[in-house]
Amino acid sequence: MNASKAIAAGAQPESAAASKRAYRRVVDAPTRALHWLMALCFIGAYLTGDGERWRLVHVTLGYTLVGLGAARLAWGLWGPTPARLKPLWRRAAGLREWVRAAVRGHVNWRLGQNLLLAGSIAALLALMLPLGLSGYASYNEWGGDRLADALEGLHELLANLMLAALLAHLVLVGVVSLQRRRNLVAPMVTGRLPGAGPDLVRQPHRAVAGAVLASVLAFWGWQWHTAPDAALPGAHTAQPAYDAAHDDDDED
C-alpha cells in the first residue's frame, strides 16, 4: 500500500510536467542533421557545377551528398521507428492510385498533398545515388571521351531533375503550411511540434547527429588538405615566364 502510494506520488510530478509541456518531440537529431546537410551539399554542388575554379568544392560536396544519402537510407532502415523510410515509400507508392481516383472525379486533396510531399522526398532520395555515380564516372572519364561526355550530360540531367524535385518539395511544404496553418519547417529545425501529446521520438540521439557532422567536417578537411594547390579555389594557373617569353619572341 505504501509502495503504491509512493509510486503514484512519484508519477504525479512527471505527468503534471508532461501535461503542462507545450510541445512534443517528433523528429530526432540525426534525421534533422542529415536533412539540412544534404540540402546544403546539393545546393552548393549545383552552384559550383560549372567551370574549373570551384571543381574541388563541387566534387567534395557531391561525394558528401552521396555519403549522407547512404547514411539516411541506413538510418531509415535500422534507426528508430519515427525515422524509418518504409512508411514514406508506402505513401509514395499510393500516389498512382490517388491519381487514378482523381481522374475518375474522386479527389481527396488532403491525402493528395501528403502523397505529393512523400513523393517529392522519395524522388530526392532516389536521385542521389545515380547523380553521384554519374558525376564520379564523368569526373574520372570512364570509357574515354565519348562516354565521359554522355555521362556528363546524364549528370546534368539528373542534377536538374533533383533541383526540380527540391523546388516542388519546397512549394508543397509552403502550400500545406499555409493551408493547414501549421509550420512544417519548424519540426525539421527544432524537432518539436507545438501542443500536448505523446512524444514520437523518445531519444533525440544527439550523439549520432554529432558524429555525422564531425564526419562531414573531417572529410572536408581531408579533401582540402590532400588536394593539389592547383585544385584549390582561387589558385592561378599562370603561364610560366619561359613560355611567355617565347610567345613574345614568336610574335616578334
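# Briefing on a predicted single-chain model

Arginine 55 forms a salt bridge with glutamate 52, with 3.4 Å between the closest N and O atoms, where a salt bridge is a side-chain nitrogen of Lys or Arg within 4 Å of a carboxyl oxygen of Asp or Glu. By this rule the count comes to one salt bridge. The model is predicted, so that local features need pLDDT of at least 70 and side-chain atom pairs count only at pLDDT 80 or more, while totals for chains, interfaces and linings use all residues. Residues are numbered from 1 along each chain as its sequence is written, and side-chain values use heavy atoms, leaving out hydrogens and water.

**Confidence**

- The mean pLDDT of the chain is 82, and 84% of its residues reach 70 or more; pLDDT is the predictor's confidence in each residue, from 0 to 100.
- Confidence is highest in helix H2 (residues 29–47), at a mean of 96, and lowest in helix H10 (residues 241–251), at 46.
- Over residues 237–246 the pLDDT is below 50, and this stretch has two contacts in the model beyond near neighbours in sequence, a contact meaning heavy atoms within 4.5 Å.
- Residues 1–16 also have pLDDT under 50, and for them the model has zero contacts beyond four places in sequence.
- Where pLDDT is low, the predicted coordinates should not be read in detail.

**Overall build**

- The chain has 10 helices and two strands, which are DSSP runs numbered from the N terminus (helices are H or I with at least four residues, strands are E with at least two).
- Read along the sequence, these elements follow the pattern α-β-α-α-α-α-α-α-α-β-α-α.
- Among contacts between residues at least 6 apart in sequence, 76% join residues at least 24 apart.
- Of the 252 residues, 31% count as buried, where buried means under 20% relative accessible area, exposed means over 50%, and partly exposed lies in between (1.4 Å probe, protein chains only).

**Inside the fold**

- The largest nonpolar core has 26 residues, and those with the most contacts inside it are Met38, Leu65, Leu68, Leu131 and Met162; such a core is a set of buried Ala, Val, Leu, Ile, Met, Phe, Trp, Tyr and Cys residues joined through side-chain atoms within 4.5 Å.
- The elements that give two or more residues to this core are H2, helix H3 (55–78), helix H6 (109–139), helix H7 (144–180) and helix H9 (206–226).
- Leucine 131 touches Phe42, Leu65, His155, Leu158, Ala159 and Met162, when residues up to four places away in sequence are not counted.
- Proline 30 lies in helix H2 and counts as buried because its relative accessibility is 1%.
- The C-alpha atoms of proline 30 and alanine 209 are separated by 4.2 Å, although these residues are 179 residues apart along the chain.
- Beyond its neighbours within four places in sequence, proline 30 is in contact with Trp75, Pro204, His205, Val208 and Ala209.
- Threonine 60 lies in helix H3 and is buried, with a relative accessible area of 7%.
- Leaving aside neighbours within four places in sequence, threonine 60 is in contact with Phe219, Trp220 and Gln223.

- The chain exposes about 16400 Å², and carbon and sulfur atoms supply 63% of it; accessible areas come from the Shrake-Rupley method with a 1.4 Å probe, and for residues only the protein chains shown count as cover.
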